[in-house]
Amino acid sequence: MFTVTGAADLVRVLNQAASRQLPRAIARAENLTAWNVRAKVMEVMPGRLNAPTPAALKGMFVDGGRVAFRNDTARGVPPDKFLQPQVFGGPRPHKKSEVVLIRRGIMGANQYAVPTSNAKLDRYGNIRRALMNKILAGLGGPKYFASTLGIWERRARESVLILAFVDSAPNYRKRLPFFQVAERVAATRYPVNLRRAWHEIYERSR
């Protein structure tokens, strides 16, 4: 509880309150806005990307008022690697399976492995991870083998090419308007979030 006896005291009290509460309100508003941006980008992804995987849809996180792509390399290519070409355009980075093929000397360092029409793909247009692991483990055995053209699979009456080695990286055009979405969301939601955050923090401090 405080008492204000004049205009000077009122200005002093308001300045003190602002210096303590306003930075907290701004930080809270920035964090709320970042979550709004993440939600909106996730909403537009299916219309911009070709069958985005759950890893792509959930590939963003909020930290300290910013939205960033996850860089978790525990499973497959991290979203930070495969989403950035969709935002900025440019060549696709090597997948983990391609790195293995390069390290084994099966594929050139500047080559990429592209599925052919003979390959069995999942609903996202990729070779299933379990199948890719099986291929890598079985190279040189009775089922799979490699040549300069790519990876082959022996079937009942023939051998078919399932992964073709190409000499140039698959290129992506800019498909995901991440920054445009973020700017639009920030312009509309940040003022609302700042008022909300200021009200919440002020009420708790009374």
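Predicted model: local features only at pLDDT ≥ 70, side-chain atom pairs only at ≥ 80, totals over all residues.
View 1. Across the protein the average pLDDT is 85, and 88% of the residues score at least 70. Keep these values at hand as you look through the views that follow.

**View 2. The largest nonpolar core.** This core has 18 residues, and those with the most contacts inside it are Val41, Met45, Met60, Val67, Leu176 and Phe178. At least two residues each come from helix H1 (7-48), strand E1 (60-63), strand E2 (66-69), H3 and helix H6 (178-205). H1 gives the largest share of this core, with 5 residues.

View 3. Back in the largest core, Met60 is among the residues with the most contacts inside it. What does methionine 60 touch, leaving aside residues up to four places away in sequence? Its partners are Arg38, Val41, Met42, Met45, Val67, Ala68, Phe69, Arg70 and Phe178.

**View 4. Glutamine 86 in helix H3.** Here we zoom in on glutamine 86, a residue of helix H3. Is glutamine 86 buried or exposed? Glutamine 86 counts as buried because its relative accessibility is 9%, and the cut-off for buried is under 20%. Not counting residues up to four places away in sequence, glutamine 86 touches Leu49, Tyr172, Arg173, Lys174, Arg175 and Leu176. Leu176 is also one of the residues with the most contacts inside the largest nonpolar core.

**View 5. Helix H3 and the glycine after it.** Along H3, the buried residues are Pro79, Asp80, Leu83, Pro85, Gln86 and Val87. Glycine 89 follows H3, and its phi is positive, near 80°.

**View 6. The largest pocket and its lining.** The largest pocket has a volume of about 1,600 Å³. A total of 46 residues line this pocket, and Thr53, Val77, Phe82, Lys95 and Asn126 lie nearest its centre. Which elements each supply at least two residues of the lining? They are helix H2 (54-57), helix H3 (79-88), helix H4 (96-103), strand E4 (112-115) and helix H5 (129-138). By residue type, the lining has 24 nonpolar, 10 polar and 12 charged residues.

Methods: Residues numbered from 1 in each chain as written. Heavy atoms only, no water. 1 Å grid on protein atoms, 1.4 Å probe; cavity = no way out; pocket = protein on both sides within 12 Å on 5 of 7 lines; lining within 4 Å. Points joined across faces, edges and corners; volume = space filled by probe spheres on them. Helix = DSSP H or I, 4+ residues; strand = E, 2+ residues; numbered from the N terminus. Nonpolar A, V, L, I, M, F, W, Y, C, P; charged D, E, K, R; others polar. Core = buried A, V, L, I, M, F, W, Y, C linked by side-chain atoms within 4.5 Å. Buried < 20%, exposed > 50% of the residue type's maximum accessible area, 1.4 Å probe, protein only. Contact = heavy atoms within 4.5 Å. pLDDT = per-residue confidence, 0-100.
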